[in-house]
Amino acid sequence: MESLIKQFQLNILELIKQKYTYTINGEIQTEIPSLDFYFSKELTEFNTVIYEPSLCIILQGSKAVGFGEELYSYGPKKYLLSSAYIPAKVKILEASCEKPYISFRIKFSMEDIYDVIKNINPKKLAFNSKSEKALFFDDISEKLYEPINRLINLLNREKEEMNYLYPLVIKEILFILINDKSGYFLNKFAMQGTVSNKIVKVISEIKDNFNEKLSVKELADLIDMSEASFYQNFKTITSMSPIQFQKKIRLEEAKLMLLNQNIEASTVAFAVGYESPSQFSREYSRMFGMSPKAHSEFLKTQTI
């Protein structure tokens, strides 16, 4: 079985080599909207990233993921599932010019998961009501890699054919995940009324209104939960408090604005919800290791 997984990996690596170049550093969005690749020719220190609901797989190299107080390491034999829009820290552990780090991500929505779940025998999806972390790791299987291989090979098809087939293959991938050990995990976050699903709704609310003043009471009322219970479950799932979560989102949005727009840091500070540019600068430097201006200049030197 491992040899077949290895063959799938080699097939995908060969396709990537033909379509893209290993001289690239950073993210490449493919013609399939739900699929992107990431390349790195060098090791990195820990950097903050935002995971979306997605399946993440490493083809070559390895990385560490810091989530809360815990540190996870994984490579090509495992996969990572994210069930929500979650900040985490990542560090590339294995990469070189000769053998760059290469990974890919398949994004999906809670609606995609629910659309598959509703067609599965409920007895297969038994779970307890306790909330848990929004990241899940497991060993990758031949059964999972087979549709993944077909999805990525759709990049060689005609656009009309690719656009019709890729949503169907993603549903097949979700079907396999839901019928495996990750099924209970995905079910918790997708099913209406579960604690985890309610917290996911609040995560979306904070994400969509990141520049507005946050009220824990209003967020708790939104999902009909006590403030204490909301706070505890939110921290279990995201590894941080609602205020800390909002700060991470604000600073990530600020990073994108500084990178893509020619505007002053103080203007960005107000745009993402800070009342004090000096506080923004301090917190930005604490998160990214350099001032907003220096960081934006550094990012612009990177080849994407």
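Leaving aside its neighbours within four places in sequence, with which residues is Val116 in contact? In this predicted model, Val116 is in contact with Lys171, Leu174, Phe175 and Ile178, once neighbours up to four places away are set aside. Val116 itself belongs to helix H2, which covers residues 110–117. Val116 counts as buried because its relative accessible area, 7%, is under the cut-off of 20%.

**Other buried positions**

Gly183 is in helix H5, which runs over residues 183–190. Between Gly183 and Ile113 there are 9.9 Å from C-alpha to C-alpha, against a separation of 70 residues in sequence. Gly183 has a relative accessibility of 1% and is buried.

Gln9 lies in helix H1, residues 2–19. With residues up to four places away not counted, Gln9 touches Leu59, Pro76 and Tyr145. The relative accessible area of Gln9 is 6%, so this residue, too, is buried.

Thr48 is placed in a strand, E3, made up of residues 47–51. Apart from residues up to four places away in sequence, Thr48 touches Ala88, Lys89, Lys248, Glu252 and Met287. At 9% relative accessibility, Thr48 counts as buried.

| Residue | Element | Relative accessible area |
|---|---|---|
| Gln9 | helix H1 (residues 2–19) | 6% |
| Thr48 | strand E3 (residues 47–51) | 9% |
| Val116 | helix H2 (residues 110–117) | 7% |
| Gly183 | helix H5 (residues 183–190) | 1% |

**Aromatic pairs**

The count of aromatic pairs comes to 14. One of them is formed by Phe234 and Phe245, with 5.5 Å between the ring centres and 85° between the planes. This pair is edge-to-face because the angle of 85° is over 60 degrees. Phe234 sits in helix H8 (residues 227–238) and Phe245 in helix H9 (residues 242–260), eleven residues apart, and the pair links distant parts of the chain. Is Phe234 buried or exposed? Phe234 is buried, at 0% relative accessibility. Phe245 is likewise buried, with a value of 0%. Elsewhere, ring pairs join Phe136, Tyr184, Phe185 and Phe189 into a cluster.

**The chain as a whole**

The secondary structure consists of twelve helices and ten strands. The radius of gyration of the chain is 20 Å, close to the 19 Å that the globule rule gives for 304 residues, so the chain is as compact as a globular protein of that length. Along the principal axes, the C-alpha atoms fill a box of roughly 55 × 50 × 40 Å.

How many of the 304 residues count as buried? The buried share is 48%. Of the contacts between residues at least 6 apart in sequence, 73% join residues at least 24 apart. The chain exposes about 15,400 Å², and carbon and sulfur atoms supply 50% of that area.

As for charge, the chain has 38 positive and 38 negative side chains. The centres of these two sets lie 3 Å apart.

Note on methods. Residues numbered from 1 in each chain as written. Predicted model: local features only at pLDDT ≥ 70, side-chain atom pairs only at ≥ 80, totals over all residues. Heavy atoms only, no water. Helix = DSSP H or I, 4+ residues; strand = E, 2+ residues; numbered from the N terminus. Rg over C-alpha atoms; globule rule 2.2 N^0.38 Å. Buried < 20%, exposed > 50% of the residue type's maximum accessible area, 1.4 Å probe, protein only. Contact = heavy atoms within 4.5 Å. Areas by Shrake-Rupley, 256 points an atom, 1.4 Å probe, with all protein chains shown as cover. Lys, Arg positive; Asp, Glu negative; His and termini not counted. Charge placed at Lys NZ, Arg CZ, Asp CG, Glu CD. Phe/Tyr/Trp six-rings, centres within 6.5 Å; stacked < 30°, edge-to-face > 60°.
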